[in-house]
Each structure stands twice: as structure tokens, then as C-alpha cells.
Amino acid sequence: MGPGSSEGEPTLPVASVARRLGVAPSTLRTWDRRYGLGPSRHTDGRHRRYGTSDIGRLEMMQRALLRGASTAEAARYALEQMPRVETEPAPLEPVLATRPSQAPDDGEVPSRLARRLSTAALAMDVGAVQRMLLDAINELGVLSAWSGVIDPVLTALGARWRGVHAGAEVEYLLAECVYGALVRATPVLAEPRNQRPVLLACVPDERDTMPVYALAAALAGRRIGAQLFGVPLPAEVLAVTVRRSAPAAVVLWAHRRTVADPRLFARVSRDRQRSRLFACGPGWDVAELPAKVELLPDLSAAADRVEHVLVGGSR
């Protein structure tokens, strides 16, 4: 390699890096100007030269491009995985910078984590996606991570490729990683605070099943034991399940109005069982629910209400 930098790190000129990556030198200059992916070290000569970390960052960007990410997304991903060590980092076009005089607002951390999760998913980097999910859950908690990071990214990716096949693999990859992260975030309770479990289930034919996993993880974090059925059960199987489990509460999740049938509650509450009944999710219409069924508008409200009903207060 070429002459070393002041720290002794080998460096290469732009032409050599362009040949190594198989791109034009003008492309590297454009990436430097637009996304800050240029040389980060100065040498004694007139031209700045690329160090080992600069080249590694560009190679990471290229891998993301080959997996279908846009240039801006690939650049952002590379910078997040291998941040530049500079006193004034170069701005990245897709990211809105906060003025130095501004204090971070409440939404800054979820927005930052959501951007990092999105770029990792677009790059099809499973390891990075798993790390981003772990960071979000550890930093924000399950419910805040779900509402502020995971669900918005899943929704955005789903809308991006609605009706087409190309690119949908990103959404599927992210969904599998989210399932795994939520299961890992659900502790196994040796001594739950509730004597009888809360049964969490999706209505038949519901496709959006991930929220019940998030709710189960949140309840377990409060030491509330739950029986989770993430795979939608047929109505007759669900009724038998409720009868055999004798839960203290039943929470049925529905995202779509077309599958949210209020008559389902009559089927699961037959016999003489005394289970509190809850409808959770945007699919339910409160005007159509039976009088004995309580509507829970979102996961946070569901966790608070179920905890209160089962054990009478907070942790």
C-alpha cells in the first residue's frame, strides 16, 4: 500500500481505491461529497488518502447496494456500522441533524434507533438487525421499542413494497428477527403474580400477529403470566382452549376490521367461566362489542389494564 498517515496507517489514493472497488473515481468523489464516505485522514501531500477503515466502510456500502439498498440507505448503513472518527462528522443527506443548541427531545432516541434498524434491514444484515432490536428493547423497554421503533419500521417497509414482490424479502427478514427478539425478551416466570393466566390470542385469520408477542413480553416483565397463541386459532379451537385453560382474562387481538368478529366473545365465554374479556387492537369497533367486553386501544393500555385487573396494581 501507499505511504502511511501520521498514525502509521497504510493509505491509498482515490484511483487505487476505485480500481479495488470496481467503480469510477468520480463515483467515490460523489459519495464523499454527498454522504461523507471519503478519506478521513490527511497526509503531507496535496491529496487526502483512504485509510483501512475508509475502505472497509466503502466495501460495507457496496455489499448493502448489492442487496438492494439505495445509495443513501447503503451509505447511512455503512456510517452507522463503522462511524467516522472526526471532530466534525460529515452530514448524511437522509438524516436530519439536530442543532447544537437544541436539547434532544423525547422522540430523538426512538427515531435514531428506527433509522438504524431500517438501514440494517435494507442491507439484509441479520446480525445488525438483531443488535438493533436488542438495543431498542434494552434502551426503551418492550412497549416503547414496539411503538416507537419496531412497528413504525415494519409499517414503513410494508407500505414501501405493497403489491410487489421485489424488496419484500426485507420485510420478511425483519419480521423473523422481531419474532425472535420478542421471544427472547419474554422471561420465563417461576412465580407469576397472577394465580390464573391471561390468555393472549389473535382472532381467526388475523395476519398481524406480532403485537401479541410484544404484549406477552411486556406482561412477563411485570411478572404477569400469560398463555400466548400467536398463531391464529380457529374459533372452535379457541373456544376449547379458553374452556380448558380457565384463564383470569382473555385478550383477543385484531388489526383488521374484516376479521374482528364480536360474536367470537360469545363463543369463548360459554359455560360458567368467569374470565374478563378484552378486545385489543384497531380492528375492533367499540359500538359493536358486547357490553361485557372492554376495549383496549393499544398495547400500553392493554398491559396496564390487564395488570390492574389481575393483581390490582403496579409492580
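Val212 is buried, since its relative accessible area is 4% (buried means under 20%, exposed over 50%, partly exposed in between, with a 1.4 Å probe and protein chains only). This is a predicted model, where local features need pLDDT of at least 70, side-chain atom pairs count only at pLDDT 80 or more, and totals for chains, interfaces and linings use all residues. Residues are numbered from 1 along each chain as its sequence is written, and side-chain values use heavy atoms, with hydrogens and water left out.

Val212 sits in helix α9, residues 210–221 (helices are DSSP runs of H or I with at least four residues, numbered from the N terminus). Skipping neighbours within four places in sequence, Val212 is in contact with Leu200, Ala201, Cys202, Leu228, Gly230 and Trp253; contact means heavy atoms within 4.5 Å.

Now for the partner helix, α8. It covers residues 168–184, and its buried residues include Leu174, Ala175, Val178 and Leu182.

| Item | Value |
|---|---|
| Angle between α8 and α9 | about 20° |
| Distance between the α8 and α9 axes | 9 Å |

Axes are lines fitted to C-alpha atoms, for helices over the stretch in contact, and angles run from 0 to 180 degrees between N-to-C directions. The two helices, α8 and α9, are therefore roughly parallel, a label for angles under 35 degrees.

On the α8 side, Ala175, Val178, Tyr179, Leu182 and Val183 meet Met210, Tyr213, Ala214 and Ala217 of α9. The residues of this contact split into nine nonpolar, no polar and no charged; Ala, Val, Leu, Ile, Met, Phe, Trp, Tyr, Cys and Pro count as nonpolar, Asp, Glu, Lys and Arg as charged, and the others, Gly among them, as polar.

Note on methods:
The expected span of a helix is 1.5 Å times one less than its number of residues. Angles under 35 degrees count as roughly parallel, over 145 as roughly antiparallel, 65 to 115 as roughly perpendicular and the rest as oblique.
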